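Here's a quick tour for anyone meeting this structure for the first time. Have a look, then read on.

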Amino acid sequence: MLEPVKELSNFGHPLDKHFVTTANGLKAGLSDKQIASFEQDGLVFGIRVIDRYQIKRLREDLVGLMDPSESARELFYEFHHNESTDPETVLFHALGAWRVSPAYHDLLFLPPIVTAAEQLLGGPVRLWHDQIFVKPPRDGAVVEWHQDFSYWTRTKPMAHLTCWIGLDDSTEENGCVRYVPGSHRWDLLPRVHLSGKMSAVFEFLTDEQRAVFDPVPALLSAGEASFHHPLTLHGSYENNSNVPRRAAVLNFIRDGVVSNSDEPLLAGVPPIPKGHKIEGRFFPLLSCN
């Protein structure tokens with residue numbers, strides 16, 4: 001169960017040393033081959049980043065995050081819940097769990113994740129924001145093909161990275177994420193509005209892009225992650241299995257990215273004036289160097 005709610009963004013360091021060090025046996029960072037794969041395809045997956053203990057802790061905290069107290073709910077940047085009374089059928093997506101849950105807070109600081117992010121972004125990294133996705137069993141919801149940076153143009157330059165971490169095995173049957181290799185070299189496409197149609201993006205693609213549109217499924221075991229470029233086109237189909245597909249997602253920026261808006265970058269977070277560096281307690285520096 002979650003501890004009484006605290007504003008965990010006040011802590012720019014891990015809260016539980018054991019949670020961070022339990023996976024010391026995991027390799028911190030990517031191989032040259034994995035980095036080359038990312039540069040070629042705009043993605044790399046099958047990277048073990050958390051162990052069984054950490055998976056257990058994250059799953060336990062997720063139960064409370066999906067049905068939080070009112071005071072905790074106010075700390076989320078976004079909170080989307082289908083209001084099902086059956087916890088087995090809850091479709092859930094939220095941003096800001098790191099401010100509420102000790103386990104999701106400390107996930108930010110794990111060396112296997114941070115070191116890989118530093119390698120791929122070419123320097124120290126900050127948290128941009130986190131996400132949680134839960135696709136319940138036999139759920140028909142899809143996530144349309146999209147590029148993450150289409151939602152992030154309120155920042156610049158484009159020096160962003162997403163780490164998608166499976167809390168369950170991620171399979172074709174339960175709606176794993178699928179990526180279009182090489183699409184990170186495409187221009188920024190118009191943002192696809194959530195229509196529930198996987199075909200929505202095709203009206204924006206050129207003939208050449210349609211010809212090479214060949215998605216690959218990111219099949220992951222629980223505890224493994226994928227890393228993808230902010231322009232890499234990706235999406236996921238419905239969960240046709242009898243088990244949930246749960247994931248924690250960390251979005252990073254390279255230290256030095258600035259605000260491109262005078263409006264709040266995230267709901268409830270004080271604005272950072274346009275042109276000013278993104279920093280402060282809501283965007284902690286995570287460098288392992």
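Valine 177 stands opposite serine 236 in strand S11. This is a predicted model, where local features need pLDDT of at least 70, side-chain atom pairs count only at pLDDT 80 or more, and totals for chains, interfaces and linings use all residues. Residues are numbered from 1 along each chain as its sequence is written, and side-chain values use heavy atoms, leaving out hydrogens and water.

**The sheet**
- Strands S8 (residues 177-179) and S11 (residues 234-236) run antiparallel to each other, paired over three bridges; strands pair if DSSP finds at least two bridges between them.
- They belong to an open, antiparallel sheet of four strands, ordered S5-S11-S8-S9.
- At the edges sit S5 (143-146) and S9 (216-217), each pairing on one side only.
- Helices (H or I, at least four residues) and strands (E, at least two) are DSSP runs, numbered from the N terminus.

**Helix H3**
- H3 covers residues 52-66, and its 15 residues reach 21 Å from first C-alpha to last. That's close to the 21 Å expected at 1.5 Å a residue (the expected span is 1.5 Å times one less than the number of residues).
- At its start, a side-chain oxygen of aspartate 51 comes to within 3.2 Å of the backbone nitrogen of tyrosine 53.
- Its buried residues (under 20% relative accessible area, 1.4 Å probe, protein chains only) include Gln54, Ile55, Arg57 and Leu58.

**Leucine 65**
- Leucine 65 lies in H3 and counts as buried because its relative accessibility is 0%.
- Its C-alpha is 7.5 Å from that of serine 101, 36 residues apart along the chain.

How values were computed
Buried means under 20% relative accessible area, exposed over 50%, partly exposed in between (1.4 Å probe, protein chains only). A polar contact is a pair of N or O atoms within 3.5 Å; within protein, one must be able to donate a hydrogen and the other to accept it, and residues adjacent in sequence count only if both atoms are side-chain atoms.
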